[in-house]
Amino acid sequence: MNHESSNPKRTAAEKAVEYIQDGMTVGLGTGSTAYWAIQQIGKRVLSGLQIKAVATSVQSENLAKELGIPLIPFSELEEIDVTIDGADEVDGAWNLVKGGGGALLREKIIASSSKQLIVVVDESKVVDQLGKFHLPVEVVKFGYELTRNKLSALGCEPKLRMMDQQPFTTDNGNYILDCDFKQIKSPSECHDAINHIPGVVDNGLFIKMATRVIVGYQDGSVEELKLV
Ligand SMILES: O=C[C@H](O)[C@H](O)[C@H](O)COP(=O)(O)O
């Protein structure tokens, strides 16, 4: 087995790209797994695949431009046929934690307008219960300390995400609070409780949005996760 075929993120991503057909509008995810999907889409576009795409981050938009993937403005877009994106955790009900790269808000806007959301992960992301990965919550900068206190009152430890000794700022100009819940017993209730706090823009829980989850394994195999 060569190195390329044993990259589980890549094998999952390339499998997902098989679902893209001529004429589709495609949402491009963000992160190190979605990267491989975008690369593969770029190769298929070079070979004649006719699609239009929208990106979930500035990073993915730049990659798409480099690869010659045609992007369309949101003003010309009504619905997206399929979005391929990564996740930080996925449970048996296909609920997700996303936002490790800070792109959760744009990802959720695009996922919620997509007929299909294909999630691509390596086996390490599949969990029985969400919450080991600290849940990213995007908050406006104004009064974020107060927002952080309200999040703590929900039973988590929120930490302001930092990058290069500065608070990390999202593509939308907001902060991220990474919230350690240890375990999230009811993802849906947790999602709603967080989003009711003023100052919260959105959180990284994606509840019943995925329509397919493709998992890549270290041994080179790939399979679709069964819904429990
Ligand atoms: O904000 C980033 C996204 O939600 C990513 O899709 C997620 O963090 C998974 O990223 P990766 O594939 O790099 O593990």
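A crossing of two helices is called right-handed if the near helix is turned clockwise from the far one by less than a right angle, and left-handed if anticlockwise. In this predicted model, helix α1 passes helix α2 in a right-handed crossing. The axes of α1 (residues 8-17) and α2 come within 8 Å and cross at roughly 45°, which makes α1 oblique to α2. On the α1 side, the contact is made by K9, R10, A13, E14, A16 and V17; on the α2 side, A34, W36, A37, Q40, I41 and R44 take part. Sorted by class, the residues of the contact of α1 with α2 comprise seven nonpolar, one polar and four charged.

Helix α2 (residues 34-46) also packs against helix α3 (residues 58-67), at an angle of about 25° and with the axes 9 Å apart. Because angles under 35 degrees count as roughly parallel, α2 is described as roughly parallel to α3. The crossing of α2 and α3 is right-handed. Residues A34, Y35, I38 and G42 of α2 meet S60, L63, A64 and L67 of α3. The contact of α2 with α3 contains six nonpolar and two polar residues, and no charged ones. Residue A34 is listed in the contact of α2 with α1 and again in the contact of α2 with α3.

An open sheet is formed by six strands in the order β2-β1-β3-β6-β14-β15, with mixed pairing. Strands β2 (52-55) and β15 (222-224) stand at the edges; each has a single partner strand, so one side of each is left without a neighbour in the sheet. From one strand to the next, the twist averages 20°. Within the sheet, strand β3 (residues 80-85) pairs with strand β6 (residues 114-122) in the parallel sense, over five bridges. In this pairing, I80 stands opposite S114 in β6.

At the level of domains, the assignment gives domain 1 as residues 4-123 + 208-224 and domain 2 as residues 135-198. The centres of the two domains, taken over C-alpha atoms, are separated by 25 Å. Contact between the domains involves 11 residues of domain 1 and nine residues of domain 2. Helix α4 (residues 104-112) gives the most to the side of domain 1 that touches domain 2, contributing three residues. That side of domain 1 is made up of five nonpolar, five polar and one charged residue.

Terms used:
Residues are numbered from 1 along each chain as its sequence is written. This is a predicted model: local features need pLDDT of at least 70, side-chain atom pairs count only at pLDDT 80 or more; totals for chains, interfaces and linings use all residues. Domain bounds come from an automatic or database domain assignment. Two residues are in contact if their C-beta atoms, placed from the backbone, lie within 7 Å. Helices (H or I, at least four residues) and strands (E, at least two) are DSSP runs, numbered from the N terminus. Ala, Val, Leu, Ile, Met, Phe, Trp, Tyr, Cys and Pro count as nonpolar, Asp, Glu, Lys and Arg as charged, and the others, Gly among them, as polar. Axes are lines fitted to C-alpha atoms, for helices over the stretch in contact, and angles run from 0 to 180 degrees between N-to-C directions. Angles under 35 degrees count as roughly parallel, over 145 as roughly antiparallel, 65 to 115 as roughly perpendicular and the rest as oblique. Two strands pair if DSSP finds at least two bridges between them.
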